[in-house]
Amino acid sequence: MVAGLTAAAVVAVAVLAYQASANAPDSVASSSSAAPKTSASASAQPTAKPKPTQDALAVPAASGTGERVVYALKDRRVWLVEGNGKALRTFTVMPSPVSPPPGTYQVSSRSGTVQGSDGVPIEHVVRFANVNDVAVGFSAAQDGSMEAPDPTSKTGGVRMKRADGNAMWTFATVGAKVVVVP
């Protein structure tokens, strides 16, 4: 797959280079002092190492140690982290209008299936914080939706896909550590 993407990128660059040279003014395109042209095979060779992409399983550095759930507010992402610091799973979430401040929390309660405060039937509710009398926790809508909540509502449900909710339910029992990072 990487080879295919690289080949596609090389072709795209070659097409763009051709279009640029075809549209260049004659004074630039036919300059007698121009550098010698390179062969097509030479231009296909990368001159610098590509930057590595960030590993999606990479747990945020300032998220503590040990077994924990890490919730990154800005990234809208959760990691389920084993005791050795390796992520078992990571996934995106839809944050709630009410978010807890960064810090360390513990799972305080869980519910198998309930009606969400927004009226949506939810499952695998894992509560870990309380902000201004609003319970904050992870949950999955039974219909699988992850709609953005009404920003004016006072709800604390951090929504995830059903498969991610199942994983959270299995991993985060009462007393489990939850670390919220910016």
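Phe128 and Phe138 are both buried (buried means under 20% relative accessible area, exposed over 50%, and partly exposed in between, using a 1.4 Å probe and protein chains only). Before going on, a word on what you're looking at: this is a predicted model, where local features need pLDDT of at least 70, side-chain atom pairs count only at pLDDT 80 or more, and totals for chains, interfaces and linings use all residues. Residues are numbered from 1 along each chain as its sequence is written, and side-chain values use heavy atoms, with hydrogens and water left out.

## The overall layout

The protein has 4 helices and 9 strands; these are DSSP runs numbered from the N terminus, with helices being H or I of at least four residues and strands being E of at least two. Going along the sequence, the pattern reads α-α-α-β-β-β-β-β-β-β-β-α-β. Of the 182 residues in the protein, 31% are buried. Take the contacts with a separation of 6 or more, and 52% of them are between residues 24 or more positions apart (contact means heavy atoms within 4.5 Å).

## The sheet and its helix

Four of the strands make an open sheet with the order 5-6-7-8 and mixed pairing; two strands pair if DSSP finds at least two bridges between them. Strand 5 (109–115) and strand 8 are the edge strands, each pairing on one side only. On average, neighbouring strands here are turned by 30 degrees against each other, direction ignored.

Inside that sheet, strand 6 and strand 7 run antiparallel and pair over 7 bridges. Ile122 sits opposite Ala141 of strand 7. Then there's helix 4, which lies across strand 5, strand 6, strand 7 and strand 8, at about 55 degrees to strand 6. Axes are lines fitted to C-alpha atoms, for helices over the stretch in contact, and angles run from 0 to 180 degrees between N-to-C directions.

In soluble globular proteins, nonpolar side chains tend to be buried together. The largest nonpolar core here has 26 residues, and Val69, Val78, Phe128, Phe138 and Met168 touch the most other members. A nonpolar core is a set of buried Ala, Val, Leu, Ile, Met, Phe, Trp, Tyr and Cys residues joined through side-chain atoms within 4.5 Å. Which elements give two or more residues to this core? They are strand 1 (68–72), strand 2 (77–81), strand 6 (121–131), strand 7 (134–141), strand 8 (157–160), helix 4 (162–171) and strand 9 (177–181).

Apart from this core lies another one, of 7 residues, including Trp79, Val81, Ala87 and Val179. Back to Phe128: leaving out residues up to four places away in sequence, Phe128 touches a list of partners that includes Tyr71, Pro100, Tyr105, Phe138 and Val180.

## Rings meeting rings

How many aromatic pairs are there? The count comes to 3; rings of Phe, Tyr and Trp (its six-membered ring) pair if their centres lie within 6.5 Å, and planes under 30 degrees apart count as stacked, over 60 as edge-to-face and the rest as tilted. Tyr71 and Phe138 are edge-to-face, at 5.6 Å centre to centre with 75 degrees between the planes. Tyr71 belongs to strand 1 and Phe138 to strand 7, so this pair ties together parts 67 residues apart in sequence. Tyr71 is buried, at a relative accessible area of 0%, and Phe138 is buried at 1%.

Phe128 and Phe138 are stacked, because their ring centres are 4.8 Å apart and their planes are at 25 degrees. Ring pairs join Tyr71, Tyr105, Phe128 and Phe138 into a cluster.
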